[in-house]
Every structure is written in C-alpha cells, then in structure tokens.
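Student: Could you walk me through how to read a protein–DNA model and the way its helices pack?

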There are 2 protein chains.
Amino acid sequence: MSERRRGAVLEAALLDAAWEELEQNGYASFTMDAVAHRAGTSRPVLYRRWPDRHELVRATIAHVLGRDRRVIPDTGSLRGDILALMREVNATRAQLATVMSVHLAGYYQETGTSPADLRRIVAAGRENPLDVLFARAADRGEIRLERLSDRVRSLPFDLLRHEFVMNLAPVTDEVLTEIVDTIFLPLVQHT
Amino acid sequence: MSERRRGAVLEAALLDAAWEELEQNGYASFTMDAVAHRAGTSRPVLYRRWPDRHELVRATIAHVLGRDRRVIPDTGSLRGDILALMREVNATRAQLATVMSVHLAGYYQETGTSPADLRRIVAAGRENPLDVLFARAADRGEIRLERLSDRVRSLPFDLLRHEFVMNLAPVTDEVLTEIVDTIFLPLVQHT
DNA sequence: ACGATAAGATACGCAAGCGCATCCAAGACT
DNA sequence: AGTCTTGGATGCGCTTGCGTATCTTATCGT
C-alpha cells in the first residue's frame, strides 16, 4: 500500500480539503495555503493542477455537486415523492449554502463570470428529478402537467433553498411538510 | 462652506463608500484601504471610528438598510398593497443580495456571530409593513387573519428574496405579478 | 535495476493589507 | 487670537498570501 497519494486519489483529497475550507471558513478567507495545509501537501501541488484560486473554487464546487448521486423517489403519490426528494435534498444539500456563498461573495466580479455559469455547473449533465416526478404524477392522473407553471413546480425547492440561505442549516421535517401541505399541494389542487 | 468633511457628514460618506465597495467588489475583496481610497480619505480616519473591517461592514449594512424609509402602501386591496410593496422592495432592495453576500461569505465564522444577528440589524426598530397590510385587509374583510400562516404571509417576499439571491438583480414586473396572482392570492383565497 | 513521472518540501521575492504612530492642518468655539 | 478637536497624510514594520523555482524522493512501469 503506497503512502504517497497520486493522480485521481490525490486530486480528490485536494478537492475535499478545499471544500472543507469553504465550509468552515467561507469564501472570503479561502486561501491556497490553507487548502494545501489541510490536504497535507504543499502549494505547488495545487498549482500543478489549477492555475489560481478561482479555478480551484470552481473545480471544488463541481466536485462536490458532481458526486451527488440522487435517487429519484417513487412513493406512489406526488406528495410522497416531493417530500422524499426534499428530505434527501435537505439532508445532503444544506451544503448548497456554501455554494451560494461563492455565488455572492464577489466571485463573479473577480472572475468576470456570471450566475448562469455556476448554474450550468450545478445542472451539468443531469436530468432534473422534478421533471421525472411530475411526469409520473401526470401518468397517475394526479395532475394536469400543462396546467402547472414552472414557478409552482419549483416552488418547494425554491423555498427550501431560501431556508438554507437564510439559516445556513438544514430545516426541520415540520418545515418540509408545511411547505408541501400548506403551500405546494393547495396550489397544485387549485389548478 | 467648509471643504473638509466633518462628523456625521464624513461618516455618511465613509459608509457610502464602503457600501459601493461591497457592491462592486464583494465581501471577499473588501479592504479598509479600498474604502479609504474611495472615500477620498486615509485609513486612520476609518480606524478612528471602527475598530476593524468587520465592524465597518456591520455599520455599513446598518447604514444602508437603516436609510430605507419605506412608505407603506394603501391601495384599497390586499393585492394592490402587496404588489406595491413588492415593487418598492424590488426597486430599492435588490441591494439585499449584497447584504446576503456578507451573510454567507464567512462573516459569521470570522466574527463569531450568527445569522440572527444580521436579521436583528435588518429588523431593528422597524414595524413590519406586512403586519400593517394584513391588518388592513382583515379590517376590509378580505381575509381571515388568523387563518393565514406566517409562511403564507411572508411568501411573496421570500420568493422575491430568492430571486434576488439567485439572479443578483431586480426582477421584472411580470415576475412580481406572477408571484402574487398565481401563488400568493390562490393560497389566500384557499384559506 | 533503471528511467520517467509526479508528489512533497523548501526557499525566495514581491505585493497587499493591516494596525499603528506621528505630524500637520482645517475648522469650530470661546 | 488661542485652544481644542478632528480630519488628512505619511511612514513604519509586520504578517500573510501568492507565484515560482529548485531540489529531493517515492512510486510506477518497463
């Protein structure tokens, strides 16, 4: 068993360390030195892979979000599916607040990019699970798909995202069911 | 007329400059030097008022949000009132995204404070306009106040805030009316 | 065993940012 | 005019972070 990390193993360790730095200290205090130290390596190792801090941040976000292999729930009802997906997001994507911190903290001004670029990373190569859930609900006759606006469809997750951003933490299950039962479902039934 | 700024006038100029720095370069790149330079002064002037960068940031946010003297609309209907207030927030509070950037970028880790602290600044000494609007609607018989959850009442502004954060810009009037007409009002009428 | 590659370590020099000390000068008040 | 307060300017020294060069060493493949 080798002691010195190499190739993809080393790269993953570097990105994990970078992520922890982002989470624990925020984008404002994110430095190459801190990442290197946390990863148990030295800065030239980072520079051999990423030309600068911004690229390392971008790669870190892609790395963390890219490993997020979500199971698309199938509970037999739209309510169940949406709640299950929200629980999953809640448990795994509270880290989205860390991503948002990069979104907001000056990254765009510093790099000359835009919010759409970060959204592209998040969305890359991924089927939107919501589309699947709604198609199923339509097949079951629960909803008329064409009658639901995009805004209604994304509403539970917009509100969940909002909670993450405002509180920097996952929400309680009561909040999830409140969103679904008192906001989302009444709107679905209304249309 | 004196040429050298003094007292409250100077302090306002300093805080305005600090705000512009936050807006244009983000919290991650916010420095005392840049603020002093933008304000046409020198760093000791800043340090005479605020012990460090974090305190300057906190004071800047309080300054910007504290000058926000909102008129509480009275259009004769809840829809009208909510839309008017949202338009006002949309026109003046897109800058909330800049505030949020501080919220997220590591300020709390750096200062040992919490999201509740920032919310206290925002809310300080201010009557919540929403309470006024809803009380009026109840007086008019439009709604049963006790039947509306806090979440329904704050929903338009939660969604507006979400839009600000996601897009870093004000929204179109179409988005405002969509939120009110297809999300908020159906929920109000449902209860 | 040997060679190639890449990881790890260290050092260098530069610039920025910071916190502070010191001095000068403008402005207000008596 | 004199005094006090505060604004403005400059300089100092320290630390941190960065980008890079150089050297050593571990590991892998042949």
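Student: Which residues are closest to DNA strand D?

Tutor: A residue is near a strand if its C-beta atom, placed from the backbone, lies within 6 Å of it. Here 22 residues surround DNA strand D, and the closest are A:Glu3, A:Thr31, A:Met32, B:Ser42 and B:Pro44. Bear in mind that this is a predicted model, where local features need pLDDT of at least 70 and side-chain atom pairs count only at pLDDT 80 or more, while totals for chains, interfaces and linings use all residues. Residues are numbered from 1 along each chain as its sequence is written, with chains lettered from A and ligands numbered from 1 in the order in which they are written.

Student: Which helices each supply at least two residues of that surface?

Tutor: Helices are DSSP runs (H or I, at least four residues), numbered from the N terminus. In chain A they are H2 (32–38) and H3 (43–47), and in chain B they are H1 (7–25) and H3 (43–47). The largest share, 3 residues, comes from H3(A).

Student: How does the surface near DNA strand D divide by residue class?

Tutor: Ala, Val, Leu, Ile, Met, Phe, Trp, Tyr, Cys and Pro count as nonpolar, Asp, Glu, Lys and Arg as charged, and the others, Gly among them, as polar. This surface has 11 charged, 6 nonpolar and 5 polar residues.

Student: What does the UniProt record mark in chain A?

Tutor: Such annotations may be inferred rather than shown by experiment; positions are given in the numbering used here, and feature names are shortened. The unreviewed entry annotates residues 31–50 of chain A as "DNA-binding region". Over that stretch the chain is 60% helix and 0% strand, with its end C-alpha atoms 13 Å apart.

Student: At what angle do H5 and H10 of chain A pack?

Tutor: Axes are lines fitted to C-alpha atoms, for helices over the stretch in contact, and angles run from 0 to 180 degrees between N-to-C directions. H5(A) (residues 78–92) and H10(A) (residues 150–167) pack at about 25°, with axes 11 Å apart. They are therefore roughly parallel (angles under 35 degrees).

Student: Which residues of H5(A) and H10(A) meet?

Tutor: Contact needs C-beta atoms, placed from the backbone, within 7 Å. A:Ile82, A:Met86, A:Val89 and A:Asn90 in H5(A) meet A:Pro156, A:Phe157 and A:Leu160 in H10(A). By class, that contact has 6 nonpolar, 1 polar and no charged residues.

Notes
Angles under 35 degrees count as roughly parallel, over 145 as roughly antiparallel, 65 to 115 as roughly perpendicular and the rest as oblique. Two residues are in contact if their C-beta atoms, placed from the backbone, lie within 7 Å.
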